[in-house]
Amino acid sequence: MSSTELPFVPPANVLPKVGTVRVAEGERLRSVELPGVTLTVRSRPPAREGLPPALYVHGLGGSSQNWSALMALLDGVVDGEAVDLPGFGDSPPPDDGNYSVTGHARAVIRYLDASGRGPVHLFGNSLGGAITTRVAAVRPDLVRTLTLVSPALPEIRVQRAAVPTGLLAVPGVALLFTRLTREWTAEQRVRGVMALCYGDPGRVTPEGFRNAVQEMERRLRLPYFWDAMARSARGIVNAYTLGGQQGLWRQAERVLAPTLLVYGGRDQLVGFRMAQKAARAFRDSRLVTLPDAGHVAMMEYPETVALAFRELLEDAGELGARRARHAGRADAGGDAVDEAGTDESMGG
């Protein structure tokens with residue numbers, strides 16, 4: 001095999017099991033088979049019935065676990081699910097090996113269509129932000145609101161710290177990197193990732209660090225780990241170069257859903273200077289800037305992001321309408337329960 005070729009990845013049905021994925025208290029995992037892709041979905045029971053659905057989409061190298069803290073804080077507001085994108089978390093690679101932004105977006109759309117949960121409150125971080133922007137642009141019927149945390153939208157001057165991630169897209173670099181870092185421990189790798197993604201890595205608890213190391217050890221045993229990373233990084237680079245109607249900024253302008261934008265002042269991967277451009281591009285947007293946050297504000301400052309999302313719902317008239325319906329159920333009895341439940345399921 002030449003040094004420019006990516007390693008062969010066996011079909012999903014013969015991939016080895018390399019260990020269980022951590023499931024936090026109150027969460028559950030299930031596997032969903034769709035045409036051409038199988039997705040692992042993380043969820044937690046909502047605080048009460050009738051809450052509107054939400055879907056969380058992680059970034060490059062992440063997983064549905066990235067949303068656990070925020071999901072727990074919002075389980076009284078939305079009925080939340082988080083997906084492992086194809087090739088990440090506990091989801092096997094896609095059958096066609098397509099890790100482009102469009103390919104990932106297609107997987108999200110297939111899941112929403114198959115589950116019948118749309119329209120949803122859609123969340124995306126980093127690569128997930130690019131994916132969910134595309135979903136909201138091409139399928140507005142599936143999206144109630146859009147929340148983007150440091151979305152990976154094209155920049156003319158990329159962050160210096162983001163260059164190594166972009167280099168993964170170059171054929172042969174991922175294979176070279178695995179050879180050069182063969183002796184690195186999972187703990188060393190996690191410390192490097194946290195230094196890159198957190199504004200203050202000291203905010204990570206000892207338990208959170210141990211869990212991250214265990215997850216890194218599990219991922220490194222996956223035969224397709226670096227392949228998924230390299231091809232998804234290439235997908236981001238390719239998406240940055242697209243123009244016309246397929247360009248991500250052009251698609252941002254087409255998003256109709258009320259949009260919450262969250263940017264971190266210490267983000268080393270997505271430029272803080274892009275916050276104002278994003279606020280202008282999304283037609284119905286509100287911007288929250290967190291000076292001390294890094295690239296994963298929903299993990300560093302989940303309470304702040306949860307509060308901002310609640311305010312988004314209030315501005316969109318969703319929380320007030322839901323409170324009124326909840327009060328109506330309490331006053332009117334069983335018949336009101338059925339009627340209100342129908343309203344919620346229709347995305348009212």
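**Close-up views of a predicted model**

Figure 1. When residues up to four places away in sequence are not counted, asparagine 66 touches His58, Met298 and Met299.

**Figure 2. The protein chain as a whole, as a setting for the close-up views.** The secondary structure of the protein chain comes to 14 helices and 8 strands. The protein chain has 348 residues, of which 51% count as buried, and its accessible surface comes to about 15,600 Å², with 53% of that surface belonging to carbon and sulfur atoms. Among the contacts in the protein chain with a separation of 6 or more, 74% are accounted for by residues 24 or more positions apart.

**Figure 3. Strand E4 and the strands that pair with it.** Of the 6 residues of strand E4 (residues 79-84), 5 are buried, so this strand is largely enclosed by the rest of the structure. E2 and E4 run antiparallel and are joined by 4 bridges; within this pairing, arginine 42 stands opposite alanine 82 in E4. E3 and E4, by contrast, run parallel and are joined by 5 bridges, and here the bridge partner of alanine 54 is glycine 80 in E4.

**Figure 4. The salt bridge between glutamate 27 and arginine 42.** Side chains of opposite charge can pair when their charged atoms come close. The side chains of glutamate 27 and arginine 42 meet in a salt bridge, with a distance of 2.7 Å from N to O. Because glutamate 27 lies in the segment before strand E1 (28-34) and arginine 42 in strand E2 (residues 37-43), the pair ties together parts that are 15 residues apart in sequence. Both glutamate 27 and arginine 42 are buried, and arginine 42 is also the residue that stands opposite alanine 82 in E4.

**Figure 5. The aromatic pair of tyrosine 56 and phenylalanine 123.** The count of aromatic pairs in the model comes to 5. In one of them, the rings of tyrosine 56 and phenylalanine 123 have their centres 4.4 Å apart and their planes at 25°, and the pair is therefore stacked, since planes under 30 degrees apart count as such. The pair links distant parts of the chain, with tyrosine 56 in strand E3 (residues 53-57) and phenylalanine 123 in strand E5 (residues 120-126), 67 residues apart. Tyrosine 56 and phenylalanine 123 are both buried, and together with Trp67 and Phe309 they form one aromatic cluster.

**Figure 6. The aromatic pair of phenylalanine 225 and tryptophan 226.** The ring centres of phenylalanine 225 and tryptophan 226 lie 5.0 Å apart and their planes are at 75°, so this pair is edge-to-face. Phenylalanine 225 has 10% relative accessibility and therefore counts as buried.

**Figure 7. Arginine 203 over the ring of tyrosine 301.** Arginine 203 lies over the face of tyrosine 301, and its distance from the ring centre is 4.1 Å.

**Figure 8. Salt bridges elsewhere in the model.** A search of the whole structure finds 16 salt bridges. One of them lies within helix H7 (residues 206-220), where glutamate 215 and arginine 219 are 4 residues apart, about one turn of the helix, and where the closest N and O atoms of the two residues are 2.8 Å apart. Glutamate 215 has a relative accessible area of 9% and is therefore buried, and arginine 219, at 10% relative accessibility, likewise counts as buried.

**Figure 9. The salt bridge between aspartate 141 and arginine 139.** The side chains of aspartate 141 and arginine 139 meet in a salt bridge, at 2.8 Å from N to O. Aspartate 141 has 45% relative accessibility and so counts as partly exposed, and arginine 139, with a relative accessible area of 22%, is partly exposed as well.

Methods: Residues numbered from 1 in each chain as written. Predicted model: local features only at pLDDT ≥ 70, side-chain atom pairs only at ≥ 80, totals over all residues. Heavy atoms only, no water. Phe/Tyr/Trp six-rings, centres within 6.5 Å; stacked < 30°, edge-to-face > 60°. Helix = DSSP H or I, 4+ residues; strand = E, 2+ residues; numbered from the N terminus. Buried < 20%, exposed > 50% of the residue type's maximum accessible area, 1.4 Å probe, protein only. Lys NZ or Arg CZ within 6 Å of the ring centre and 35° of its normal. Salt bridge = Lys/Arg side-chain N within 4 Å of Asp/Glu carboxyl O. Contact = heavy atoms within 4.5 Å. Areas by Shrake-Rupley, 256 points an atom, 1.4 Å probe, with all protein chains shown as cover. Pairing = 2+ DSSP bridges.
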